[in-house]
Amino acid sequence: ISVKNVHRTGFHFQPPKHWINDPNAPMYYNGVYHLFYQYNPKGSVWGNIVWAHSVSKDLINWIHLEPAIYPSKKFDKYGAWSGSATILPNNKPVILYTGVVDSHDSQVQNYAIPANLSDPFLRKWIKPNNNPLIVPDNSINKTKFRDPTTAWMGQDGLWRIVIGSMRKHRGMALLYRSRDFIKWAKAQHPLHSSPHTGNWECPDFFPVSLKNTNGLDASYRGKNVKYVLKNSLDVNRFEYYTIGMYDTKKDRYIPDNNSIDGSKGLRLDYGNFYASKSFYDPMKNRRIVWGWTNESDVLPDDEIKKGWAGIQAIPRKVWLDPSGKQLIQWPIEELETLRKQKIQLNKKKLSKGEMFEVKGISASQADIEVSFSFSSLNKAEQFDPKWADLYAQDVCAIKGSTIQGGLGPFGLVTLASKNLEEYTPVFFQVFKAQKNYKVLMCSDARRSTMRQNEAMYKPSFAGYVDVDLVDMKKLSLRSLIDNSVVESFGAGGKTCITSRVYPTLAIHNNAHLFVFNNGSETITIETLNAWSMDVPKMH
Ligand code: DQQ
């Protein structure tokens, strides 16, 4: 197997070659899903960015088309950067995107429209001559003015968008309004801003229902909704979101008290997941979020050897948790059409130090759902108050999967070599804190490869899982394993973690999958279902 292919994914979204980053303007239009994305048509490192374009009927099988938008005019000569789609009420889609106008990365906002609405794939896009639509005024840093959102319409009939920006390290979502989608005026206040968060990239702003898991269109007006603002922080490549209310009179978004801004806030994914963007799917009445998963073998040399870099995470349905405090995400149901051979087991006990192999499926390309139970919380170790200020991933680095604990660590060992020279464990550990229990979920890449490469990024990604274990002594885990990616969903999608890993031994048929318990409390596997995953059509 050549180095080009050994870590290529089987069922994640990837073009045949070259560099990809942010998902752009995902949309559903007349029976077809569209995904655009930042793409370098000339190589496998970032640069020469165009909007690549792919279409699908099911978000799983894809047809790659010619790039839809590429630099050519004064208003985007130095780059066609990220943006979003809006379907106007006359059923006409329009894309807003960031154009780079000089070699200093000065940015403006442009629009593009389909050349021919009767082409079912909308292959050709026109960038009208009245571009750019929005240029930064003097108060705005021209090099930090990008990534327009999907527009939403207020009760006054005006369209609104936000654009990511920063002033004196205060990240902000600049608000613009328009009656005709052509003339845009900046609102006096940003929709929201927060000090010391740095530049906000790829903001995403959308309503979520308080009643059910259905999605809502960006312009939805009605009761029983909350709002979500997601920002991508370019300082540390973390994304975070808050949940709050949208004061439509003042045109301001106000996060709830328990929903904090910045990289210590809630995250769609506590791993490698960035520049995400959601869209409303009217076909299935759901909101779907896409995120970019970068490579972690960060030497440009690696990317050049491979000839490709970057994948899109599996699209996830996203909705508000009944608590109203956080979002839930779950791989879109269409993914299940790729499930092949299945194995199942029930009611299996794992006592301290036990580990067993899940055999009979392809461990390098699999979908695993497992639910664990235990009979008591008594053995949970004390949560060190010093850890409260750390990121969860730092706590995971202190504890890990190999140190014996009380209630956990227990979970999966993915992409493991036969003798465990390489492995990526995805697991839980429960701690007793002052007032409650804290559930740590880790996806630990530190032992994922034998390769010696100082530039290799192998973090012990982790997040906390907000579950009440006192009532229900159960925890579930789903992991999507795909050669160089492990995408995991804890407690039904409350905490999600994506890792990129590059095993040298645990590849293809030589990869193994285990379930383990390294805590003194016995863990029961209530059910475990695992499937080998097929390869969708992507050409
Ligand atoms: N990537 C784009 C920008 C965006 C950044 C450029 C986020 O528009 O801010 O490729 O990854």
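The protein averages a pLDDT of 96, and 99% of the residues score at least 70; pLDDT is the predictor's confidence in each residue, on a scale from 0 to 100. This is a predicted model, in which local features need pLDDT of at least 70, side-chain atom pairs count only at pLDDT 80 or more, and totals for chains, interfaces and linings use all residues. Residues are numbered from 1 along each chain as its sequence is written. The model scores are ipTM 0.99 and pTM 0.98. Among the elements of the protein, the lowest mean pLDDT, 77, belongs to helix α1 (residues 300-306), and the highest, 99, to strand β24 (residues 327-331).

Two helices and 37 strands make up the elements of the protein, where helices (H or I, at least four residues) and strands (E, at least two) are DSSP runs, numbered from the N terminus. The radius of gyration is 23 Å, close to the 24 Å that the globule rule gives for 539 residues, so the protein is as compact as a globular protein of that length. Here the radius is taken over C-alpha atoms, and the rule is 2.2 Å times the number of residues to the power 0.38. Along the principal axes, the C-alpha atoms fill a box of roughly 70 × 50 × 40 Å.

Of the 539 residues, 50% count as buried. A residue is buried if 20 or more other C-beta atoms lie within 10 Å of its own, exposed if 12 or fewer, and partly exposed in between, with C-beta atoms placed from the backbone. One example is Pro26, in strand β1: Pro26 counts as buried because it has 24 C-beta neighbours inside 10 Å. Pro26 and Ser54 are 28 residues apart in sequence, and their C-alpha atoms are 9.9 Å apart in space.

Next come the sheets. Strands of a sheet pair through backbone hydrogen bonds, either parallel or antiparallel; two strands are counted as a pair if DSSP finds at least two bridges between them.

Strands β17 (residues 238-247) and β18 (residues 252-255) pair in the antiparallel sense over four bridges, with Gly244 opposite Pro255 in β18. Their hairpin has four residues between the strands, and Asp251 takes a positive phi near 55° there.

Nine of its 10 residues are buried, so β15 is largely enclosed by the rest of the structure. Eight bridges pair β15 with β16 (residues 225-233) in the antiparallel sense, and Pro207 stands opposite Tyr227 in β16. Together with β1 (18-29), β5 (80-88) and β19 (274-281), β15 (200-209) is one of the strands that each supply at least two residues of the shell around the ligand.

Of the 13 residues around the ligand, Gln38, Trp81, Ser82, Glu201 and Ala275 come nearest; a residue is near a molecule or strand if its C-beta atom, placed from the backbone, lies within 6 Å of it. The shell has five nonpolar, four polar and four charged residues. In this scheme Ala, Val, Leu, Ile, Met, Phe, Trp, Tyr, Cys and Pro are nonpolar, Asp, Glu, Lys and Arg are charged, and the others, Gly among them, are polar.
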